[in-house]
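Thank you for making time for this today. I would like to walk through one structure with you, so please keep the sequence and the coordinates open while I talk.

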Amino acid sequence: GWAKLPGVTLSECTIGIIGVGAIGREVARRAAVFGARVLGHDPVEPPAHIIASTGIEMVVLDQLLRESDFVTIHCDLNSTSHRLINRNALAKMKPTAFLINTARGPIVEEFALTEALLSKRLAGAALDVFEVEPLPRASPLRGLKNVLMAAHTSNSSPAAWERVHRSTIDNLIRGLKEVTRMAA
């Protein structure tokens, strides 16, 4: 027999996106297609056509953390995002919420995340980046049943390698042309 497991559909959820750049926008488009309420937080407001096409509601970080069922991180790592998700931020999230980090490991304070997961102040996490990589063998995250971990390998296909190499070569050629122009 098939067990009827309790679940949730995306149309019943609020997805909070931290970092509404190129990747965050694509996540917003996909979540909107499934009928999810989509909240976004970014220091730079996306263009009006992005907001209109995705239905994303731009909000302050505290509101995003309080109202989201899933918080997914897509910002870059800089001085303002380092440990952005810390003990205080995690305390604002619903105990039924999940944190997803596929951006950069140091955006999330792992010790605080581990505490929140162990104490059931957070339902779960999905991570493919860590504060220290590779993740140390002694990390308590490794033993938690409410954590999914994967390697950060989105750029590991031959086609992706080709795009990265082509981009590097194009940037080098542009730089050399600029240096040559300035020297002339």
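C13 is buried in this predicted model, its relative accessible area coming to 5%, and C75, with a relative accessible area of 15%, is buried as well. For anyone who was about to ask about disulfides, a search across the whole structure returns zero of them.

C13 also turns up among the contacts of D69, and that is where I would like to go next. D69 sits in the loop that runs between helix 3, residues 61-67, and strand 4. Is D69 buried or exposed? At a relative accessible area of 17%, D69 counts as buried, because the cut-off for that label is under 20%. Leaving aside residues up to four places away in sequence, D69 touches E12, C13 and T14 on the one hand, and K94, T96, A97 and F98 on the other. With T14 there is a polar contact too, in which a polar atom of the D69 side chain lies 2.8 Å from the backbone nitrogen of T14.

Seven strands make up an open sheet with parallel pairing, and their order is 3-2-1-4-5-6-7. Strand 3, residues 57-58, and strand 7 are the edge strands, each of them pairing on one side only. Strand 1 and strand 4 run parallel and are joined by four bridges, and I18 stands opposite I73 of strand 4.

Helix 1 covers residues 22-33, twelve in number, and from its first C-alpha to its last it reaches 17 Å, which is close to the 16 Å expected at 1.5 Å a residue. Which residues of helix 1 are buried? They are G24, A28 and A31, and because they cover an arc of only 70 degrees around the axis, they lie on the same side of helix 1. Just after helix 1 comes G35, which takes a positive phi of about 85 degrees.

Helix 5, residues 110-118, is the other helix I want to show, and its buried residues are E110, A112, L113, T114, A116 and L117.

Finally, N86, which lies in the loop between strand 4 (70-73) and helix 4. N86 is partly exposed, at a relative accessible area of 23%. Its side chain makes two polar contacts that I would point out: a polar atom lies 3.4 Å from the backbone oxygen of R83, and the side chain also reaches the backbone nitrogen of N88 at 3.1 Å. Beyond residues up to four places away in sequence, N86 touches E109 and A112, the latter being one of the buried residues of helix 5. The C-alpha atoms of N86 and I107, which are 21 residues apart along the chain, are separated by 8.5 Å.

Conventions:
Residues are numbered from 1 along each chain as its sequence is written. This is a predicted model: local features need pLDDT of at least 70, side-chain atom pairs count only at pLDDT 80 or more; totals for chains, interfaces and linings use all residues. Side-chain values use heavy atoms; hydrogens and water are left out. Helices (H or I, at least four residues) and strands (E, at least two) are DSSP runs, numbered from the N terminus. The expected span of a helix is 1.5 Å times one less than its number of residues. Buried means under 20% relative accessible area, exposed over 50%, partly exposed in between (1.4 Å probe, protein chains only). The arc is that of the directions from the helix axis to the C-beta atoms. Contact means heavy atoms within 4.5 Å. A polar contact is a pair of N or O atoms within 3.5 Å; within protein, one must be able to donate a hydrogen and the other to accept it, and residues adjacent in sequence count only if both atoms are side-chain atoms. A disulfide is a pair of cysteine sulfur atoms within 2.5 Å. Two strands pair if DSSP finds at least two bridges between them.
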